[in-house]
Amino acid sequence: MKKALVLAAAAALLTPAAAMAERSGEELYNTKCSVCHASGVAGAPLFGDAEAWAPRAEKGMDALLATAKSGLNAMPPMGTCVDCSDSEMTAAIQYMLDAAK
């Protein structure tokens, strides 16, 4: 009985993590990144602004991810997505880069 309860508790704790699907770059942009990038808050490069994103794109994805994770100027570490994985952050950055082509 005790073993069954332990297994049931473990399964219940793991279910939310397993059920949480990775979010798309577009979804993250719309729910997290657009807070600043839609209006240019504190100098954030505007969504779709090719001129603003070009020098950032030249740095490469690894550098952009590192900057997003550590923050820059008024952008806090992880932007407004403290629960994003590296792959989700990369997808959001790529979504913004693609929109600026």
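Ala42 counts as exposed, because its relative accessibility is 57% and the cut-off for exposed is over 50%. The model is predicted. Helix 2 covers residues 25-37 and bends at Thr31. A search of the whole structure turns up four salt bridges and three aromatic pairs. The disulfide count is one.

**Positive phi values**

- Most residues other than glycine have a negative phi.
- Ala42 has a positive phi, near 55 degrees, and is not a glycine.
- Ala42 sits in the loop between helix 2 and helix 3.
- Met78 also has a positive phi, near 70 degrees, and is likewise a residue other than glycine.
- Met78 lies in the loop between helix 4 and helix 5.
- Is Met78 buried or exposed? Met78 is buried, because its relative accessibility is 15% and buried means under 20%.

**Helix 2**

- Helix 2 runs over residues 25-37 and has 13 residues.
- Where does helix 2 bend? The bend is at Thr31, and it is about 50 degrees.
- The buried residues of helix 2 are Gly25, Leu28, Tyr29, Cys33, Ser34 and His37.
- These buried residues pack against helix 3 (50-59) and helix 5 (86-99).

**Aromatic cluster**

- Three aromatic pairs are found in the whole structure.
- Tyr29, Phe47 and Tyr95 form one aromatic cluster.
- Tyr29 is also one of the buried residues of helix 2.

**Salt bridges around Arg23**

- The whole structure has four salt bridges.
- Asp83 forms a salt bridge with Arg23, and the closest N and O atoms are 3.4 Å apart.
- This pair links distant parts of the chain, 60 residues apart. Asp83 is in the loop between helix 4 (61-70) and helix 5, while Arg23 is in the loop between helix 1 (2-19) and helix 2.
- Arg23 also forms a salt bridge with Glu88, with the closest N and O atoms 2.9 Å apart.
- The pair of Arg23 and Glu88 again links distant parts of the chain, here 65 residues apart. Glu88 is in helix 5.
- Arg23 is buried, because its relative accessible area is 15%, under the 20% limit.
- Glu88 is buried too, at 3% relative accessibility.
- Asp83 counts as partly exposed, at 42%.

**Salt bridge of Lys101 and Asp98**

- Lys101 forms a salt bridge with Asp98, and the closest N and O atoms are 3.4 Å apart.
- Lys101 counts as exposed, at 77% relative accessibility.
- Asp98 counts as partly exposed, at 39% relative accessibility.

**Cysteines**

- Which cysteines does the disulfide join? The disulfide joins Cys81 to Cys84, with an S to S distance of 1.7 Å.
- Why does this pair count as a disulfide? The S to S distance is 1.7 Å, and a disulfide is a pair of cysteine sulfur atoms within 2.5 Å.
- The link of Cys81 and Cys84 is right-handed, with 80 degrees about the S-S bond.
- Cys81 is buried, with a relative accessible area of 3%.
- Cys84 counts as buried as well, at 10% relative accessibility.
- Cys33 is in no disulfide. Its nearest cysteine sulfur is that of Cys81, 7.0 Å away.
- Cys33 counts as buried, at 18% relative accessibility, and is listed among the buried residues of helix 2.
- Cys36 is in no disulfide either. Its nearest cysteine sulfur is that of Cys33, 9.0 Å away.
- Cys36 counts as partly exposed, because its relative accessibility is 26%, between the limits of 20% and 50%.

Notes
Residues are numbered from 1 along each chain as its sequence is written. This is a predicted model: local features need pLDDT of at least 70, side-chain atom pairs count only at pLDDT 80 or more; totals for chains, interfaces and linings use all residues. Side-chain values use heavy atoms; hydrogens and water are left out. Helices (H or I, at least four residues) and strands (E, at least two) are DSSP runs, numbered from the N terminus. The expected span of a helix is 1.5 Å times one less than its number of residues. The bend at a residue is the angle between axes fitted to the seven residues ending there and the seven starting there. Buried means under 20% relative accessible area, exposed over 50%, partly exposed in between (1.4 Å probe, protein chains only). Contact means heavy atoms within 4.5 Å. A salt bridge is a side-chain nitrogen of Lys or Arg within 4 Å of a carboxyl oxygen of Asp or Glu. Rings of Phe, Tyr and Trp (its six-membered ring) pair if their centres lie within 6.5 Å; planes under 30 degrees apart count as stacked, over 60 as edge-to-face and the rest as tilted.
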